[in-house]
Amino acid sequence: MIKADTIIDFTLVYNLFKKPLYNYVCKMLNDKSLTEDITQNVFLKFFENLPVINNSSSPGNWLFITARNEVFGCLRKKKIRNENYMDENFEFASDININDDVELSEIKDIIEKEIGSMDEDSKEIFVLREYSGLSYHEIAHILGVDEGIVKGRLFRTRQRLIDKISKLVR
Amino acid sequence: MNCIKNKEMIQLYADGELEKNKESYIFDHLANCEECRLFFRALNAVSSSLVKEEFPPVLEKQIFSSLIEKERKNENNFFKKIFVPVFSYAAILLFLIAGVFIYIKMNEYKSEMAAVNQQIKYQSQTIELLYNCLTPTIVHPSYNREIIIKAKM
């Protein structure tokens, strides 16, 4: 029998982190079915290791670090698979024409494409902050870097996005 | 005017990471600086234009059903984990007890056998002695020659 305490502990953490975690994996991989697999895996692993995790670090950090390992495993595999035809496919985002009367949905498109073309480091920090709503401290802990680095990279990424949409916001 | 430092502070404010005592400074600055106001507006525009994915209910169902399944398997494993060793220990213990029991019994039989042996030896010695004590018998057959039969062992 599953203990009631375990279920309560799991469900509390699950409800708190399911959406941030799902969004993080989804934005990093851009693949819904892969995202579902990874999210499920991570939560199952979390359930198995619940007694250990509760005693050590915060469960949120554990979830994100575990998901991150899986995400980067996938990205590595994808890279090897795509290496041959990557050059032709990867330049879609750089030359977008911005008209003065673009709608909000077009801003969305621009930003999504821009995020898609970012390098993984900048993208990851941006996704963890904007889509998962984590604090600088949490992001720094998950990535194993200094908070200052998180702040700096995030600022540069946002600056880049703002430059892309600056004509529309004015 | 180029206010990178102020923009960084505006980012911190937007992320809820700015210390409270610096807030009034940044508000003042925003009121006076067109460029930073624009930056702040753009920052908000970026944030609000992001589309967050909803967590699929199907996935939720999947996660919980596989949790239950896993737990069921674990229960079976639990039985295996507990009962197999218990049974094997019990079997080993039984064999040990049986071995000791048989050893003790064997020893008992051994000493019994030795006693019986001793007795038989003693009896056969007695019989020999009795035999040897018998007086020789003289038999007179029809021929004129007597045959003496003497018991000897």
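Q: Which residues have the most contacts inside the largest nonpolar core?
A: They are A:Leu21, A:Tyr24, A:Val25, A:Leu63 and A:Ala67, in a core of 43 residues. A nonpolar core here is a set of buried Ala, Val, Leu, Ile, Met, Phe, Trp, Tyr and Cys residues joined through C-beta atoms within 7 Å. Buried means that 20 or more other C-beta atoms lie within 10 Å of the residue's own; with 12 or fewer it is exposed, and in between it is partly exposed, with C-beta atoms placed from the backbone.

Q: Which helix gives the largest share of this core?
A: Helix 1 (residues 4–29) of chain A, with nine residues. Helices are DSSP runs of H or I with at least four residues, strands are E runs of at least two, and both are numbered from the N terminus. The core also draws at least three residues from each of domain 1 (1–83) and domain 2 (99–170) of chain A, with bounds from an automatic or database domain assignment.

Q: What does A:Ala67 touch?
A: Leaving out residues up to four places away in sequence, A:Ala67 touches A:Leu21, A:Tyr24, A:Val25, A:Ile38 and A:Val42. Touching, or contact, means that the C-beta atoms, placed from the backbone, lie within 7 Å.

Q: Which residues of helix 4 of chain A are buried?
A: A:Ala67 is one of them, along with A:Pro59, A:Trp62, A:Leu63, A:Phe64 and A:Val71.

Q: Is A:Lys78 buried or exposed, or something in between?
A: A:Lys78, also in helix 4 of chain A, counts as partly exposed because it has 15 C-beta neighbours inside 10 Å. A:Lys78 and A:Leu29 are 49 residues apart in sequence, yet 9.4 Å apart in space, C-alpha to C-alpha.

Q: Back up a bit, where do these models and numbers come from?
A: This is a predicted model: local features need pLDDT of at least 70 and side-chain atom pairs count only at pLDDT 80 or more, while totals for chains, interfaces and linings use all residues. Residues are numbered from 1 along each chain as its sequence is written, and chains are lettered from A and ligands numbered from 1 in the order in which they are written.

Q: Where is confidence lowest in chain A?
A: In helix 5 (residues 86–89) of chain A, at a mean pLDDT of 45, whereas helix 8 (residues 136–143) of chain A is highest at 92. pLDDT is the predictor's confidence in each residue, from 0 to 100. It stays under 50 over residues 86–101 of chain A. Where pLDDT is low, the predicted coordinates should not be read in detail.

Q: And the averages?
A: Chain A averages 82, with 82% of the residues scoring at least 70. Chain B has a mean of 87, and 96% of its residues reach 70 or more.

Q: How many helices and strands are in chain B?
A: Chain B has four helices and two strands, in the order α-α-α-α-β-β. Chain A has nine helices and zero strands.

Q: How many residues does the contact between the chains take?
A: It takes 26 residues from chain B and 30 residues from chain A. On the chain B side, helix 3 of chain B gives the most, with nine residues.

Technical notes
Contact = placed C-beta atoms within 7 Å.
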